[in-house]
Amino acid sequence: MKNYTICVLAGDGIGPEIMAQGIAVLRAAADKCGFGLTLTEGLIGGAAIDATGGPLPAETVRLCKQADAVMLGAVGGPKWDNIEKAIRPERGLLGIRKELGLFANLRPATIFPELKAACLLRPDIVEGGIDIMIVRELTGDVYFGEPKGEKTVDGERAGYNTMIYRESEIRRIARVAFEAARKRGRKVCSVDKANVLDVSQLWREIVIDEHKNYPDVELSHMYVDNAAMQLVRWPAQFDVIVTGNLFGDILSDEAAVITGSIGMLPSASLGAQNPGLYEPIHGSAPDIAGQDKANPLATILSVAMLLRHSFDQEQGAAMIEKAVRTVLQQGYRTGDIMQQGAQGLKLVGCREMGKLVAANL
Ligand SMILES: NC(=O)c1ccc[n+]([C@@H]2O[C@H](COP(=O)([O-])OP(=O)(O)OC[C@H]3O[C@@H](n4cnc5c(N)ncnc54)[C@H](O)[C@@H]3O)[C@@H](O)[C@H]2O)c1
Ligand SMILES: CC(C)[C@H](C(=O)O)[C@@H](O)C(=O)O
Ligand SMILES: [Mg+2]
């Protein structure tokens with residue numbers, strides 16, 4: 001029997017709650033599909049700061065590198081908001097992405113038919129369905145650019161970061177997007193700010209050049225401000241969106257609105273080789289942490305992405321996605337996707353939602 005090692009980084013806030021449900025579903029899928037699991041656990045974020053003084057202990061990096069895949073809950077929270085910036089919880093997440101070379105962040109925004117009514121957009125806008133793959137570059141941009149810091153400008157304090165992309169970084173993420181489009185609707189929209197930013201001008205030039213290798217894929221370009229508007233105005237126009245680290249971070253949270261809730265959006269962070277890292281796109285949700293209110297479906301759908309991308313277990317992935325759909329069809333909802341006043345819906349907590357999905361596999 002095939003056996004996989006998964007390093008689990010639960011993190012902070014709702015992290016441990018959603019992760020417990022993700023792991024329960026993963027175990028159930030392993031039983032059904034006939035593969036074995038070895039789970040290791042690592043500290044990250046605030047939990048790691050409390051235990052070791054830093055957000056990404058060397059032991060966590062070692063465990064991740066030894067694993068076939070990594071699952072992450074969320075990091076951060078008010079407890080660590082005033083901590084020295086070099087060791088903020090979020091640094092743990094950025095650090096592990098960099099350590100594992102996870103340059104391609106796939107964030108699929110799809111709407112389950114059962115949630116169309118919970119979507120904040122007008123019903124006619126989501127009627128035909130939505131299926132967008134946001135391909136976000138993850139290890140470059142203003143997130144990692146040097147120089148950065150604080151300096152004095154005209155006698156006053158100034159903070160600064162550097163938005164920078166190397167040609168090779170643009171080329172490799174463009175390739176991921178074109179390859180993804182070939183398996184979907186064969187359309188890529190590259191989102192940038194080339195009317196203003198030098199970095200975006202290079203981005204556009206390289207994407208156009210790389211496109212020469214993918215003549216079967218249609219390429220378009222959009223400025224990020226317009227893209228933010230088009231996403232909610234007419235989301236069905238998009239197939240694959242490729243963009244940089246910062247724009248991708250913002251647009252994917254926005255895209256979550258059209259899936260019903262940020263609690264529904266999974267992600268896969270991939271590099272040139274395993275281990276990939278899988279996590280919901282949302283954060284540690286301090287406002288609902290410890291109350292069994294979090295929606296675990298983004299984490300559970302991230303487990304499906306893990307099976308698909310890291311283990312080639314398409315059957316297991318599809319099984320999980322179908323179980324999520326079944327539970328939604330049965331009317332179960334966590335608070336974030338609950339429609340007030342709708343008939344036949346049942347409000348459940350995080351634990352119950354996880355249990356239901358596992359039971360439906
Ligand atoms: N990948 C990550 O670990 C990650 C991502 C984003 C933010 N963060 C961190 O999380 C902390 C809180 O950030 P924030 O409040 O800006 O963003 P957030 O995503 O944690 O929360 C935003 C809103 O969405 C809700 N929400 C998020 N996930 C939910 C879920 N699964 N079910 C139901 N509701 C959910 C929250 O309750 C909150 O109202 C910060 O420290 C931030 O840096 C971490
Ligand atoms: C917490 C933060 C570092 C992270 C990011 O900006 O990438 C988060 O917002 C995300 O979307 O995963
Ligand atoms: Mg984000």
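Because the model is predicted, local features need pLDDT of at least 70 and side-chain atom pairs count only at pLDDT 80 or more, while totals for chains, interfaces and linings use all residues. Residues are numbered from 1 along each chain as its sequence is written, and chains are lettered from A and ligands numbered from 1 in the order in which they are written.

**Exercise 1. Find where the largest nonpolar core lies, and which members touch the most others.**

A nonpolar core is a set of buried Ala, Val, Leu, Ile, Met, Phe, Trp, Tyr and Cys residues joined through C-beta atoms within 7 Å. A residue is buried if 20 or more other C-beta atoms lie within 10 Å of its own, exposed if 12 or fewer, and partly exposed in between, with C-beta atoms placed from the backbone. The largest core has 113 residues, and Val-135, Ile-241 and Ile-320 touch the most other members. Helix 10 (residues 297–309) gives the most to this core, with nine residues; helices (H or I, at least four residues) and strands (E, at least two) are DSSP runs, numbered from the N terminus. Since domain 1 and domain 2 both give residues to this core, it lies between them. For one member in detail, Ile-241 touches Ile-132, Ile-134, Val-135, Cys-189, Val-191 and Leu-251, if residues up to four places away in sequence are not counted.

**Exercise 2. Describe the residues that surround ligand 1.**

A residue is near the ligand if its C-beta atom, placed from the backbone, lies within 6 Å of it. By this rule, 22 residues surround ligand 1, and the closest are Gly-76, Gly-263, His-282, Gly-283 and Asn-295. Sorted by class, the shell holds eleven nonpolar, seven polar and four charged residues.

**Exercise 3. Decide whether the annotated residues Arg-107 and Asp-225 are buried or partly exposed.**

The unreviewed UniProt entry places the feature "binding site" at Arg-97, Arg-107, Arg-136 and Asp-225, although such annotations may be inferred rather than shown by experiment. These four are spread over 129 residues of sequence and also spread in space, up to 26.8 Å between C-alpha atoms. Arg-107, in strand 4 (residues 104–110), has 24 C-beta neighbours inside 10 Å and therefore counts as buried. Among the residues that Arg-107 touches are Ile-134, Arg-136 and Ser-252. Asp-225, found in helix 8 (residues 224–233), has 13 such neighbours inside 10 Å, so Asp-225 counts as partly exposed.

Notes. Domain bounds come from an automatic or database domain assignment. Two residues are in contact if their C-beta atoms, placed from the backbone, lie within 7 Å. Ala, Val, Leu, Ile, Met, Phe, Trp, Tyr, Cys and Pro count as nonpolar, Asp, Glu, Lys and Arg as charged, and the others, Gly among them, as polar.
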